Amino acid sequence: MKVQDKYNSLLNEKLKKTLFDTSSNLCQALSEKFDISTQNARQVIKRAVATKAIKSSAPYTFGKNQYIYIYNKHELLIDNIKEICKISRPPIYRLLDLIDLNNGIVSYYEGLKITSSPVEESTTKVSTLQDILNLLFKLNILYTKRDQNDVVYIIYKVEGKELNSVEEFNLMAEHFNKMVSDCSIIPDILRWLVNTNIITSQNVIYRNKKTPSVGAAHNNLVWDAFGYTKATGINPVLGAKVETEDKKTLVVLDVLLSNTYTKTHLDAFVGRIQINRNSVTGDKRKTLPIIIYSDCSEHTLNTIKKLGIICFDISAIFGKNIFEILQKSKQLSLTFSHTENLNLEIENILNLMVKAGQDEALKELKGTLFEFLMYPLISSLYPAATISRGKVLSSLNENGEKESYEYDYIINSSFPPEIVIIELKGYHSNATIPLGDSNTKSSLKWFFRRTQPFAAKRFEAEINQGQSLKAVYITSANFWEDGKKFIQSLNKSKLKSVVLDTGYDRESLLELLRLRGFDKEKMIIERFYKKDYD
């Protein structure tokens, strides 16, 4: 046996256990085993790469711009990689396991969560998600793809090749819907946690259904939601004496409603909790983790309890009907634009919510159903237009920072030549939309003075080619008197569409539905979007 073969045998033995390693670690192993210098060990590694005994990560670098070296078994399949990584590289194992659980696809956001990776590269020894992906790119088992919603997905290759465009599109669309389902009622969950005094109502940040690929970032990690608690007993300081956030306990949420919550999800959550707790010198950060799930095995639940993590079955919060409600809502979000008797489907879901006594608790979901309910009206007014729902527009602001706004519907019409942005608010009859200003969210001026001008900049090219930008605010609630006057003034401006006014409160919306023959939609609003029910 040649001397180099002995060296190669050691390198393969070591990499078989760890999948990959750094040059410094491999040099150390060679030096200790064969009593050679570090410089000679580096030459040994170069020859091993040249003869394909092991594989270099080049051109991909890791950590501080260094190459790593990879086990070069001829048939290194996904299951082989998972087996190697389960003990030696848990973040990689969890990523691959999650992709397996989701039919060969996950979003980059979910990748950050499941690998417990930092949002941005830091001075810690924690691997970034991009480092992990670079390794898996080199192994030729997956690739990344960005969809029309600006969501980046991590997708398995099939026999070393990327999926065809049709398969890819369908897979991404299906997974996007699962992501929306996961965060569709997070605001309702948070409202329940506030009402039970587990978290305080101020400064609660959460993953939004309109941007399900963007999590709540805190301490360079992503969470489905986070807030703070000053609950006595959970917080070391008596609640009445807590005034600042540094005196409160951080509350972090892991929410999974579209799939079974597994030990892989749990290990990733615990990993992020540990990184967060150890991110300061001295005393560890005070953290209260909470898991919300729709399905979880008894084994995983027992592990959660042993770890002392608070967890809630979603049905314990919103009742057993929540599973049917979520399933029907998830299906509707895929098919609403071509569903016959859409109003009957929506009425059925709203009836389930009332029957469960959760119609007030599930306000976020009611708002989503209101958006679906308005689609037939909107599509009848613009029958030949392209209509996009839940669109997010983004661009860099003057400070070089990414700025994004959500739009319930964007209509691109050739006749009339208009781009119409529509804001929808499905509130009860006692609610009133404030006039506000450009800094007051959910107000009229937030929409017309902030999100509308932003859209005008994004559609500048289309406007220069002859289209005009219009804006419409529609709600099942009411406007104050100053809001009504504001809408009247806008109806005399260039923002008014050819076929719609710039604003509709409850009274004017019901009249519009009556005039257009949408009697069922009118009845649903009158019955379900009011303070008290029949």
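# Burial, strand pairing and cores in a predicted model

Q: In which helix does Ser181 lie?
A: This is a predicted model in which residues are numbered from 1 along each chain as its sequence is written, local features need pLDDT of at least 70, side-chain atom pairs count only at pLDDT 80 or more, and totals for chains, interfaces and linings use all residues. Side-chain values use heavy atoms, with hydrogens and water left out. Helices are DSSP runs of H or I of at least four residues, strands are runs of E of at least two, and both are numbered from the N terminus. On that basis, Ser181 belongs to helix α8.

Q: Is Ser181 buried or exposed?
A: Buried means under 20% relative accessible area, exposed means over 50%, and partly exposed lies in between (1.4 Å probe, protein chains only). The relative accessible area of Ser181 is 7%, so this residue counts as buried.

Q: Which residues does Ser181 touch, not counting residues up to four places away in sequence?
A: A contact means heavy atoms within 4.5 Å. With residues up to four places away in sequence not counted, Ser181 touches Leu257, Ser258 and Lys330.

Q: What is the average pLDDT of the protein?
A: The pLDDT is the predictor's confidence in each residue, from 0 to 100. Of the residues, 93% score at least 70, and the protein average is 89.

Q: How many residues of strand β11 are buried?
A: Thr249, Val251, Leu253 and Val255 point one way from β11, whereas Leu250, Val252, Asp254 and Leu256 point the other way, and all are buried. Strand β11 (residues 249–256) is thus mostly covered, the buried count being eight of eight.

Q: Over how many bridges do β11 and β12 pair?
A: Two strands pair if DSSP finds at least two bridges between them. Strand β10 (residues 225–229) pairs with β11 in the antiparallel sense over five bridges, and Tyr228 has Leu250 as its bridge partner in β11. Val255 has Ile292 as its bridge partner in β12. Strand β12 (residues 287–293) runs parallel to β11, and the number of bridges is seven.

Q: Which residue in the turn between β5 and β6 has a positive phi?
A: Five bridges join strand β5 (residues 142–146) to strand β6 (residues 152–156) in an antiparallel arrangement, with Ile154 of β6 as the bridge partner of Thr144. The two strands form a hairpin with five residues between them, and the turn residue with a phi of about 70 degrees is Asp150.

Q: Which residues have the most contacts inside the largest nonpolar core?
A: A nonpolar core is a set of buried Ala, Val, Leu, Ile, Met, Phe, Trp, Tyr and Cys residues joined through side-chain atoms within 4.5 Å. The largest such core has 63 residues, and its largest share, 10 residues, comes from helix α15 (residues 363–381). A second, separate core of 45 residues includes Leu95, Val106, Tyr109 and Leu135. In the largest core, the residues with the most contacts are Ile185 and Met374.

Q: Which elements give two or more residues to the lining of the largest cavity?
A: A cavity is a set of points on a 1 Å grid over the protein atoms alone where a 1.4 Å probe fits but cannot get out, and lining residues have an atom within 4 Å of a point; points are joined across faces, edges and corners, and a volume is the space filled by probe spheres set on them. The search finds two cavities of 30 Å³ or more, and the largest holds about 200 Å³ of space. Its lining has 18 residues, with Leu98, Glu110, Lys113, Leu256 and His265 nearest the centre. The elements in question are α6 (108–114), α8 (165–183), β11 and α10 (263–277).

Q: How far apart in space are Lys16 and Ile70, C-alpha to C-alpha?
A: Lys16 is placed in helix α1 (residues 3–18) and counts as exposed because its relative accessibility is 51%. Leaving aside neighbours within four places in sequence, Lys16 is in contact with Tyr71 and Ile84. Lys16 and Ile70 are 54 residues apart in sequence, and their C-alpha separation is 8.8 Å.

Terms used:
1 Å grid on protein atoms, 1.4 Å probe; cavity = no way out; pocket = protein on both sides within 12 Å on 5 of 7 lines; lining within 4 Å.
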